[in-house]
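Hello,

Here is the model we talked about handing over. Please open it alongside this note; my findings follow below.

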Amino acid sequence: MTVDDIIAKIAGVMFDVFDVDDLDVTAATSADDVEEWDSLSHIRFIITLERLFKIKFLNEEIADLKNVGDLARVIQAKLPA
Amino acid sequence: MFAELAWLEEVPPDFRARVKAVRARVAAGTLAGVEEALYELALGRLDLNQLGQLASVLAAYTAARPPPGPFARVRLGVIGSGTLGMVEPAIAATALRHRIVATVVGGDYGSAVQDAIDPDGRFRSIGFDLALIALDHRTLGLDRARASAAEADAAVDAAAGMLGAMIDGLAASAAGGVLVATIVPPVEPLFGSFDAVETGTVAAQVAGINARIAGLARDKRIVLVDMARAAAWVGIDRWHDAGQWHSAKLPFDPDLIPLYADVVARTVAAIRGTTRKCLVLDLDNTLWGGVIGDDGVDGIALGQGSAKGEAFLAVQHAALALRARGIILAVCSKNDDDVARTPFRDHPDMPIKESDVAAFVANWGDKATNLRAIAAALNIGLDALVFLDDNPVERAQVRRELPMVAVPELPADPALYPRTLLAAGYFEAVAFAQEDRDRAYQYAANAERAAFAGTSDMGAYLASLDMVADFRPFDAVNRARIAQLINKSNQFNLTTRRYAEAQVAALEADPTKVTLQVRLTDRFGDNGMISVIVLDRGGGGATWEIDTWLMSCRVLGRRLEEAVLARIAAAARSGGASALTGRYIPSAKNKMVADHYAKLGFECIDGDAGGETVWRLDLGTYVAPDLPMRIDATTSPVSKDDVLAA
């Protein structure tokens, strides 16, 4: 799966996680762009992605992510080739 | 099963659109019907995101300060260990499933103890009906093994002391009571199996504090929420998520928040009396394997000797166990009536007998209509029913027509029916009295009385019942049942004032109040406690006010309300009063008593039809009627001492 494919899948759940309607998700999208993206909804976001991609993150893998693109690359590395 | 809330229906694919539609109604100020809509949205297996969406609409609804709706309102404060910010909205959203409109407010992170004991702090100033303490072993100082049994006991004593201080603090700010979650034992063994032997281990300390919590619940100081058992249901390996604890201080796996929230919400429902009362059973392939009309008594699968027969036997034993604790059983089946009854009469291995079933409806009509008839025959609401049926088409029809009826999803294997039914917590209880045990029998006897009534005129019928009404003040023995009635009675309830058990105890001791509990027996049996009255002596003045008057709908039409009034009037007269006032506060469910005081000869002195009304009875002119029952008053509700004290 390409990073862009993964970003598209991530974007699909962000409406549900952050309960928002207007969101243009790109690789550069970060918590600064989404008002509802706070520390608690971030945890829900991570759990939702773990379920969606059937993966489990290590804390250190997601500690320093800056945006959705970083997240997608971490996910890509964890998916079976 | 538990972690997935497998008894709930699947979430509709357009869930979010439906939530948004309700949000738009709230934003437009169209508040009527919103509670029912929110309830229906809460019926699915909602995940954490969906619970969050629902909680956000609910918060918008309660912020709009809606007038009283069909559901109970509760303000719940939550304090505990770690990050509970995701748990609080989940509890609020889940409470809707149990027909409670909840506002859930959390304490500050890491401040559970201060929040509980500081009377002037932010948390206790918010104002609650109920408070939940959800601690873990770490906060209680039970997170390391002790060198000796004495040291472990000291650690448990210290933990119990801290918990006790928190309970006392919160009890002062949450009049409806304090809920305490049991402590989930940690996963990691120290010695291994020897942990169960050695007295100083963490496991032993956690068992010790949980025994103390159970003791507090038995002493009625708290209501216990058995989170340790919920964790055992799913497995403590799954419950404890060390990674989430280290990174976000989540006290358990956040995937389990929907279950956690349901366990809390069903306990709140039990306190508020919104739990279910009656289990309605389908027959073919629900109580036995096969179709009685096709297979006959000899052909259905039921009883020892086959896996299938034993599975259905287990379903019946589960139903009978519920009946033994006071849950009413009913039957709703698409069958000819006489055919449907044959296994009850002729099958040698059939544990449930016709006499166990309070309402038996077998015909070819649709099930929604028949469930309505069952609720009417038993004089209970549709929201008191749970309907167990193996057929997904029937389940869907009932859910569509009667969303207030609980309809558990069932797996393909009947071996799992009992667990699925019981996992749902429909019949959660916070107290258990002899009356509960007897109730299922009383409903059955009522059906016989109803049949008997059809054959004679009313006066002769009532006289033939040999009724004896027993009046006495509230007492400790019956306190749990009194509190249950105060919190569960909706229809024949003039003021719908709810008092928790601790408040009932306070009423008993309050010299400015006069309390009455009424029991009724007749030739068919003991109806148990059927009425509760609280009178306010009005500061010793000439007018007493009826603060609370509620009655069980089971005894309607027996002229018992007239007997109660006669008793109240006698008490007030002997206490020096010359008049009584009564108040009707309308709720979504008590329209049947809007004219209660008018019928009893009170005159309306305040309020308009449709709203709250106030009524007055002049005791100088009131004459008690002749009634078709004997009155037993073991203790006068007003003793001479009381009169002097007033």
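Contacts between the chains come first: 15 residues of chain B are in contact with 9 residues of chain A. This is a predicted model, with ipTM 0.89 and pTM 0.74. On the side of chain B that touches chain A, the elements giving two or more residues are helix H3 (48–63) and helix H11 (242–248) of chain B. H3(B) gives the most to that side, with 5 residues. By type, the residues of chain B on that side divide into 5 nonpolar, 8 polar and 2 charged.

**Confidence in chain B**

The mean pLDDT of chain B is 90. Of its residues, 94% reach 70 or more. The stretch to watch is residues 636–646 of chain B, where the pLDDT is below 50. That stretch still has 19 contacts in the model beyond near neighbours in sequence. Where pLDDT is low, predicted coordinates should not be read in detail.

**Overall build of chain B**

The secondary structure of chain B comes to 25 helices and 17 strands. Its radius of gyration is 26 Å, and the globule rule gives 26 Å for 646 residues, so chain B is as compact as a globular protein of that length. The C-alpha trace of chain B spans about 75 × 70 × 55 Å along its principal axes. Buried residues make up 45% of the 646 in chain B. Take the contacts in chain B with a separation of 6 or more: 73% of them join residues 24 or more positions apart.

**Nonpolar cores**

The largest nonpolar core has 158 residues. Those with the most contacts inside it are Leu38(B), Leu54(B), Ile91(B), Leu132(B), Ile133(B), Val280(B) and Ala330(B). Helix H12 (residues 257–272) of chain B gives the most to this core, with 11 residues. What does Val280(B) touch, leaving aside its neighbours within four places in sequence? Its contacts are Ala330(B), Cys332(B), Leu371(B), Ile374(B), Leu385(B), Val386(B), Phe387(B) and Leu388(B). A second, separate core has 45 residues, including Ala500(B), Val514(B), Val534(B) and Val564(B). In soluble globular proteins, nonpolar side chains tend to be buried together.

**Ile100(B)**

Ile100(B) sits in strand E2 (residues 100–106) of chain B. Is Ile100(B) buried or exposed? Ile100(B) has 24 other C-beta atoms within 10 Å, so it is buried; the cut-off is 20 or more. Not counting residues up to four places away in sequence, Ile100(B) touches Phe71(B), Ala72(B), Val74(B), Ala95(B), Ala265(B), Val268(B), Ala269(B), Arg272(B) and Thr274(B). Ile100(B) and Glu35(B) are 65 residues apart in sequence, yet 9.1 Å apart in space, C-alpha to C-alpha.

**Helix H14(B)**

Helix H14 (residues 307–324) of chain B has 18 residues. At 1.5 Å a residue it should span 26 Å; its end C-alpha atoms are 26 Å apart, so the two agree. Its buried residues are Phe312(B), Leu313(B), Val315(B), Gln316(B), Ala319(B), Leu322(B) and Arg323(B). Just after H14(B), Gly326(B) takes a positive phi of about 100°.

**Arg479(B)**

Arg479(B) lies in helix H21 (residues 479–488) of chain B. With 20 C-beta neighbours inside 10 Å, Arg479(B) counts as buried. Leaving aside neighbours within four places in sequence, Arg479(B) is in contact with Phe474(B), Glu501(B), Val504(B) and Ala505(B). Arg479(B) and Val504(B) are 25 residues apart along the chain, and their C-alpha atoms are separated by 6.9 Å.

Most residues other than glycine have a negative phi. Here are two with a positive value.

- Asp19(A) has a phi near 55°. Asp19(A) is in the loop between helix H1 (3–18) and helix H2 (39–53) of chain A. With 21 C-beta neighbours inside 10 Å, Asp19(A) counts as buried.
- Asn379(B) has a phi near 60°. Asn379(B) is in the loop between helix H16 (367–378) and strand E9 (385–388) of chain B. With 16 other C-beta atoms within 10 Å, Asn379(B) is partly exposed.

Best wishes

Key. Residues are numbered from 1 along each chain as its sequence is written. Chains are lettered from A and ligands numbered from 1 in the order in which they are written. This is a predicted model: local features need pLDDT of at least 70, side-chain atom pairs count only at pLDDT 80 or more; totals for chains, interfaces and linings use all residues. Helices (H or I, at least four residues) and strands (E, at least two) are DSSP runs, numbered from the N terminus. The radius of gyration is taken over C-alpha atoms; the globule rule is 2.2 Å times the number of residues to the power 0.38. A residue is buried if 20 or more other C-beta atoms lie within 10 Å of its own, exposed if 12 or fewer, and partly exposed in between; C-beta atoms are placed from the backbone. Two residues are in contact if their C-beta atoms, placed from the backbone, lie within 7 Å. Ala, Val, Leu, Ile, Met, Phe, Trp, Tyr, Cys and Pro count as nonpolar, Asp, Glu, Lys and Arg as charged, and the others, Gly among them, as polar. A nonpolar core is a set of buried Ala, Val, Leu, Ile, Met, Phe, Trp, Tyr and Cys residues joined through C-beta atoms within 7 Å. The expected span of a helix is 1.5 Å times one less than its number of residues. pLDDT is the predictor's confidence in each residue, from 0 to 100.
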